[in-house]
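Me: I would like to learn how to read the packing of helices and the pairing of strands in a model. Could you take me through the features one at a time?

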Amino acid sequence: MTEARDERRPAGELEAGVMAALWAADAPQTPGQVQLSLGAGLARTTVTTILSRLHEKGVVDRRRQGRGYAYFPVQDAHGLTARRMHTELDRDSNRHTVLARFVAQLSEDDERVLRDLLESGEQ
């Protein structure tokens, strides 16, 4: 039992691997195709579960392919990171304090980039 626990992956590692496989693909991928590209000895059912959870989160979309689905990312990696940042911000009722502390912890370079983005209105 201890060995199995030691082999568990950190939270989010499997999702990150699945997303990397989808971003690297030229077309929507079935769970079997994702499983092959991961090459990590994961069961297809595990990959299917991860893809289903990502679909429920709105991170991937899917289309019918045969009796199952083929999955594709809704956003690129940068868009997904921005989405996660928004999710974390939405979890706290005091947005002002969260944003103030976030900005206070930025490096000078990141602060300059943020200032430039805010001034230019770039999205």
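Me: Which residues in α2 meet Val34, Ser37 and Leu38 in α3?

Reply: Contact means heavy atoms within 4.5 Å, and in this predicted model Gly17, Val18, Ala21 and Leu22 of α2 meet Val34, Ser37 and Leu38 of α3. The contact of α2 with α3 divides into 5 nonpolar, 2 polar and no charged residues, where Ala, Val, Leu, Ile, Met, Phe, Trp, Tyr, Cys and Pro count as nonpolar, Asp, Glu, Lys and Arg as charged, and the others, Gly among them, as polar. Residues are numbered from 1 along each chain as its sequence is written, and side-chain values use heavy atoms, with hydrogens and water left out. Local features need pLDDT of at least 70, and side-chain atom pairs count only at pLDDT 80 or more, whereas totals for chains, interfaces and linings use all residues.

Me: At what angle do helix α2 and helix α3 pack?

Reply: Two packed helices are described by the angle between their axes and the distance between the axes. Helix α2 (residues 13-24) and helix α3 (residues 31-38) pack at about 105°, with their axes 10 Å apart, which means that α2 is roughly perpendicular to α3. Axes are lines fitted to C-alpha atoms, for helices over the stretch in contact, and angles run from 0 to 180 degrees between N-to-C directions; under 35 degrees counts as roughly parallel, over 145 as roughly antiparallel, 65 to 115 as roughly perpendicular and the rest as oblique.

Me: How do α5 and α6 cross?

Reply: The axes of α5 (residues 77-90) and α6 (residues 95-104) come within 9 Å and cross at roughly 130°, so α5 is oblique to α6. Met85, Leu89 and Asp90 of α5 make the contact with Arg95, Val98, Leu99 and Phe102 of α6.

Me: In which sense do β1 and β2 pair?

Reply: Two strands pair if DSSP finds at least two bridges between them, and β1 (residues 60-65) and β2 (residues 68-73) pair in the antiparallel sense over 6 bridges. Helices (H or I, at least four residues) and strands (E, at least two) are DSSP runs, numbered from the N terminus. Asp61 stands opposite Phe72 in β2, while Arg63 has Ala70 as its bridge partner. The two strands form a hairpin with 2 residues between them, and Gly66 in the turn has a positive phi of about 65°.
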